[in-house]
Amino acid sequence: MFRTQGFTIATRATVTAATMGLLFSPVLGGVSSARTSGDQSPQQLAAQAQGALRKATSVRIHYEDRSAAAASSITVPSAMNLALDRSGNCAGTLSLGRQGGMVQIVKRGTDVWLKPNTAFWTAELPGDRGAAAAREFKNHYIHGSTTNMVFSGVVNACSLQDLQAAATATPPATLKEGLATTVNGTRVVPLSFRTNGTTSTLYVTTGAPHRLYRAAQKGPGTDLTLTFTDYNVRVPAKVPPASQSLDVSRLQGLLNTA
């Protein structure tokens, strides 16, 4: 079975799971306050970061899974760079493991375009079918409607509203504040908590309004980062031209040929 639908659904599940685990963990046991410095407690800073995410009209997420499992997989996303907004529009790229290939994604309204590279096709469709698909869609996007099941996972992955709906849990009572630092030119304060041998860290901007810049989680078998940038910056409106697009029916026809 062609796994495009599977990997896009996995994308949404992976990012959502990472976000839930990194940012919105249920309250953990421990001291009632982890305040260490400044005018606000770590919990207050984390809550403000959650609030900023919930209010955003758009955001860009940079997701990276550096675990051995993700690196060796051809179905689990290892990296993603995706701009998305409340209307469900999005644009960006997704990568699958070391040899799973890369896919360019554009969604605007009810239209979706996907542009896998050759490595993706040969990983997804071993043998002659993968080579045939790579030739068929070389330098072209697969285009279709959000009503087509092939794109159902993309529709879910592009939902900023789903991500925002998850940003409601109370920050852990064990959250501890570290020393302010600079990450890629952004001044942030790390807020960390540890559970079951895994450390989760939220990097919240030091200046008001306090926004979530990055979340990281590291432990046995886990090495994730999720970076949030371009708050309230419009998702690029440019869509692939018709001359570079082929209807999704071409893909389905190819897959139906044994």
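In what follows, Ala, Val, Leu, Ile, Met, Phe, Trp, Tyr, Cys and Pro count as nonpolar, Asp, Glu, Lys and Arg as charged, and the others, Gly among them, as polar. This is a predicted model, in which local features need pLDDT of at least 70 and side-chain atom pairs count only at pLDDT 80 or more, while totals for chains, interfaces and linings use all residues. Residues are numbered from 1 along each chain as its sequence is written, and side-chain values use heavy atoms, with hydrogens and water left out.

The largest pocket is lined by Ala91, Gly92, Ile105, Val106, Tyr141, Pro236, Lys238, Val239, Pro240 and Pro241, and these lining residues divide into 8 nonpolar, 1 polar and 1 charged. The elements that give two or more residues to this lining are β3 (90-96) and β4 (102-108). Strands (E, at least two residues) and helices (H or I, at least four) are DSSP runs, numbered from the N terminus. A pocket here is an open set of points on a 1 Å grid over the protein atoms alone, where a 1.4 Å probe fits, with protein on both sides within 12 Å along at least five of seven lines; lining residues have an atom within 4 Å of a point.

The structure also holds 1 disulfide, a term used for a pair of cysteine sulfur atoms within 2.5 Å. Cys90 and Cys158 form this bond, with their sulfur atoms 1.7 Å apart. The pair links distant parts of the chain, 68 residues apart, since Cys90 is in strand β3 and Cys158 in the loop between α6 (152-157) and α7 (160-165). Both cysteines, Cys90 and Cys158, are buried, meaning under 20% relative accessible area, with a 1.4 Å probe and protein chains only.

What do Phe120, Trp121 and Phe137 form? They form one aromatic cluster. Rings of Phe, Tyr and Trp (its six-membered ring) pair if their centres lie within 6.5 Å, and planes under 30 degrees apart count as stacked, over 60 as edge-to-face and the rest as tilted. The structure holds 2 aromatic pairs. Phe120 and Trp121 form an edge-to-face pair, 5.4 Å centre to centre with 70 degrees between the planes. The rings of Trp121 and Phe137 have their centres 5.5 Å apart and their planes at 20 degrees, so this pair is stacked. Trp121 lies in helix α4 (residues 118-124) and Phe137 in the loop between α5 (128-136) and β6 (141-145), so the pair ties together parts that are 16 residues apart in sequence.

How values were computed:
Buried < 20%, exposed > 50% of the residue type's maximum accessible area, 1.4 Å probe, protein only.
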